[in-house]
Amino acid sequence: NGAKVISISMGSIAIGACSADMQGSVNYAVEHDVIVVASAGNSGNSDNNTEVPGSCPGVTAVGAVERSGQPWEKTQRKPYVAVAAPGVDISLKNNYNEQVTASGTSNSTALVSATMALVRAKYPRLSARDVVQRVIGTAHDTGPAGRDDTTGNGIVDPARALTQTVPHDTANPAYDRYDAMKADQKHAADSRHRNSLLLKLGGVGCVALVLLALALLIVLSVRRGRRAKKMRSSGAAIRP
């Protein structure tokens, strides 16, 4: 329907990998140049389960930080976390239009999605992939140097995302995982095609061998018949 950014402030525990149906929906979005942003999860201090759609390749998963910039204690600790944003004691309105404060990666997801939308508005010619790379590439590193499982590549900074230049080789984890998944699928499809071709060739080879054997038997039988006829006509005894 023309959306350029899809914000999913929710998640559910993944039983294994991202389901085929859900991944198919993500693939549809990615292939139509649409950004998908989702919560990383709020159980990092307990079971720390993998959640979907945040863990699906092609989705930018968001963790939460406190006002101090430190990771929120409940934010998920997972390799699929791409970036983080403020998510603790955020002022918002609930379903009853009441002003409340709440904490969670749902809040940080909304802020990151809004940043993506701002960048898309300012740079309408940038692809979804390039917008995500810009937002990730301008994030503030926090915690251990480099990427970590709580805040990903850092805390999103809208002002920097809108103004700074980002190198072409900047990390783009959501799309890197998507590209790797697609490469694996192509490799698997190529392997299936190759194995199918080998089976077909093997079947053709077996048929060819059977036909060759039958042809040889026919030739030998014809020759034996001619020999026997010739020997009978000359009066010679036929030996087995």
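Biologist: In which helix does M22 lie, and how should I read such a label?

Modeller: Helices are DSSP runs of H or I with at least four residues and strands are runs of E with at least two, both numbered from the N terminus; here M22 belongs to helix α1. This is a predicted model, in which local features need pLDDT of at least 70 and side-chain atom pairs count only at pLDDT 80 or more, while totals for chains, interfaces and linings use all residues. Residues are numbered from 1 along each chain as its sequence is written, and side-chain values use heavy atoms, with hydrogens and water left out.

Biologist: Why does M22 count as partly exposed?

Modeller: Buried means under 20% relative accessible area and exposed over 50%, with partly exposed in between (1.4 Å probe, protein chains only); M22 has 28% relative accessibility, so it counts as partly exposed.

Biologist: With which residues is M22 in contact, leaving aside its neighbours within four places in sequence?

Modeller: Contact means heavy atoms within 4.5 Å, and on that criterion M22 touches V52, P53 and C56. From C-alpha to C-alpha, M22 and V52 are 8.5 Å apart in space, although 30 residues separate them in sequence.

Biologist: In what order do the four strands form the open sheet?

Modeller: Two strands pair if DSSP finds at least two bridges between them, and four strands here form an open sheet in the order β1-β3-β5-β6, with parallel pairing. Since β1 (5-8) and β6 stand at the edges with a single partner strand each, one side of each is left without a neighbour in the sheet. Axes are lines fitted to C-alpha atoms, for helices over the stretch in contact, and angles run from 0 to 180 degrees between N-to-C directions; neighbouring strands of this sheet are turned by 30° against each other on average, direction ignored. Four bridges join β3 to β5, where V36 stands opposite V59, and five bridges join β5 to β6, where V65 stands opposite P86.

Biologist: Which strands does α2 lie across?

Modeller: Helix α2 lies across β1, β3, β5 and β6, and runs at about 160° to β3. Among the buried residues of α2 are V112, M116 and V119, and V112 is in contact with V37, V62, V83, A84, A85 and V156, leaving aside its neighbours within four places in sequence.

Biologist: How many residues has the largest nonpolar core?

Modeller: A nonpolar core is a set of buried Ala, Val, Leu, Ile, Met, Phe, Trp, Tyr and Cys residues joined through side-chain atoms within 4.5 Å. The largest one here has 32 residues, and I35, V112, M116 and Y175 have the most contacts inside it. Elements that each supply at least two of its residues include β3 (35-39), β5 (59-65), β6 (81-86) and α2 (105-122), while the largest share, five residues, comes from α3.
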